Structures are given as structure tokens and as C-alpha cells.
Amino acid sequence: MTGIGPVEPGEGTRAQDAADAPRPPARPRGRLARRYADRRRTVLATAAALAVLAGSGYLYASRPRQPAPPPPPYPVHVVDVAYLEAVPGAGTGAFSFAVLLSVRSGPPVTVTRLAQPHEGLTITSSPAAPFQTKSHSARKIIVTLRVTECEKAPRNLGLPFLDVTLRNTRAIQAHSYILGSRYAQDLSEALQAVCGNESG
């Protein structure tokens, strides 16, 4: 072979005709198949959007969560009541004394009631209950005990206590605070002065 020109097929070979080229697949013939073929892009886009949405929902549901804040403390765990001193000027048949109520932490605490366990004595306070004390603060309270019946007034006071009902955002609790030996001595002397030998 010499010369320039197209390469001719060799022996036992033939040129590929356009008629032998692979054809694109025929369009589907059924009604649903034609509908799918017409809306194929929309169906695929919707399926992709649903897959992204499902994946996002899974990631949101399985994300690390912040632990819930701890509940506030019970009021009796953060309140202290301490005896300060006897207060003069209570009047005849009465004994006044000062206590210091302090709230160490947590939400504000409300004193809803002050009481004492002895018959023959009534109790009032200034400020009058209910009153509130904020966290990290203290309040001075003047408590007045008035003798109503000497026969029922307490005898041989060992460790007298004051009943205080406290409320905060977590609970309402009643607690008895022992005010110590100075309070017991001052109260005994006041009862002796009011009731004489009848109260012991």
C-alpha cells in the first residue's frame, strides 16, 4: 500500500455502519411509566429533600443535650436562725428577743409562720409573718412572747425552740430551731419575773 488516503478495512473486517450504532433506550410505554418519565426530576428532587430532612432530624434528635439545671435547695437547708439578745420594753407579762434569720443561697425564702410549742404563751413578731428574705442576706426579727396563763407556761426549760415555717420556689417546710442556752436562760428569767414561783 502506498499513497495517502483513508485506511480501508482489512480482510475479514468491515466498517461499522451508523445503522449498527447502539440506540438510546426506548421511552416507556405504560401510563405510570410515562408519568414517571415526565416527572422524573421532580421525583428525584423530592426524594433527595426527604433524605436531607430525615438526616437533619436524626442529627437534631441525637445531638448532645445540656443537662437540666439542678433544682433549688430546700429552704431548711439554706436558712439559719440564731438568737441575738433579749430586747427590753416588751411590757408587763411579755418577753421580747431578737433573732437573726439568714439565707445562705438559692431563691428568696418567705417566713410564713412563727410559733412556739408552749401553752400559756402567745407569739408575735416584727416584721409580722409572712415576710421574705433574699439570698445571701440576713434579717433581724423581734419576737415577743406574752404570758397568757402562768399555770400552762413552761417549767424547767432545757433547750426551748422556735417553730418556723419556710417557703421558697421548691417547697414549704416547718422546722424547729433550737436557739441555745442563752435564750433558755433569758426566757426562764423572764417567766420567773412574770409568774413568780408558779412557773418554777
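R104 is partly exposed in this predicted model, because its relative accessibility is 41%, a value between the 20% limit for buried and the 50% limit for exposed residues. Its salt-bridge partner is D80, and the closest N and O atoms of the two are 2.7 Å apart. D80 counts as partly exposed as well, at 36% relative accessibility. R104 sits in the loop between β2 (94-103) and β3 (109-115), while D80 belongs to strand β1 (residues 79-87), so this contact ties together parts that are 24 residues apart in sequence.

| Salt bridge | N to O distance |
|---|---|
| R104 and D80 | 2.7 Å |
| K152 and E119 | 3.7 Å |
| E149 and K152 | 4.0 Å |

K152 lies in the loop between β6 and β7, whereas E119 lies in the loop between β3 and β4 (121-126), so their contact ties together parts that are 33 residues apart in sequence. As for accessibility, K152 is partly exposed at 42%, E149 is partly exposed at 34%, and E119 is exposed at 54%.

The structure holds 1 disulfide, which joins C150 to C195 with an S to S distance of 2.0 Å. Is this disulfide left-handed or right-handed? The torsion about the S-S bond of C150 and C195 is about -85°, so the disulfide is left-handed. The pair links distant parts of the chain: C150 is in the loop between β6 (137-147) and β7 (161-167), C195 is in helix α4 (residues 181-195), and the two are 45 residues apart. Both ends are covered: C150 counts as buried at 16% relative accessibility, and C195 counts as buried at 6%.

Elsewhere, R31, R34, R35 and R39 form a positive surface patch. One of them, R39, lies in the loop between α1 (31-38) and α2 (40-61), and R39 is partly exposed with a relative accessible area of 48%.

To place all this in the overall fold, the protein has 4 helices and 8 strands. From the N terminus on, the elements run α-α-α-β-β-β-β-β-β-β-β-α. Of the 200 residues of the protein, 27% count as buried.

Definitions and conventions. Residues numbered from 1 in each chain as written. Predicted model: local features only at pLDDT ≥ 70, side-chain atom pairs only at ≥ 80, totals over all residues. Heavy atoms only, no water. Patch = residues over 30% accessible without salt bridge, like charges linked within 9 Å, V, L, I, M, F, W, Y side chains within 5 Å. Areas by Shrake-Rupley, 256 points an atom, 1.4 Å probe, with all protein chains shown as cover. Salt bridge = Lys/Arg side-chain N within 4 Å of Asp/Glu carboxyl O. Lys, Arg positive; Asp, Glu negative; His and termini not counted. Charge placed at Lys NZ, Arg CZ, Asp CG, Glu CD. Buried < 20%, exposed > 50% of the residue type's maximum accessible area, 1.4 Å probe, protein only. Disulfide = S-S within 2.5 Å.
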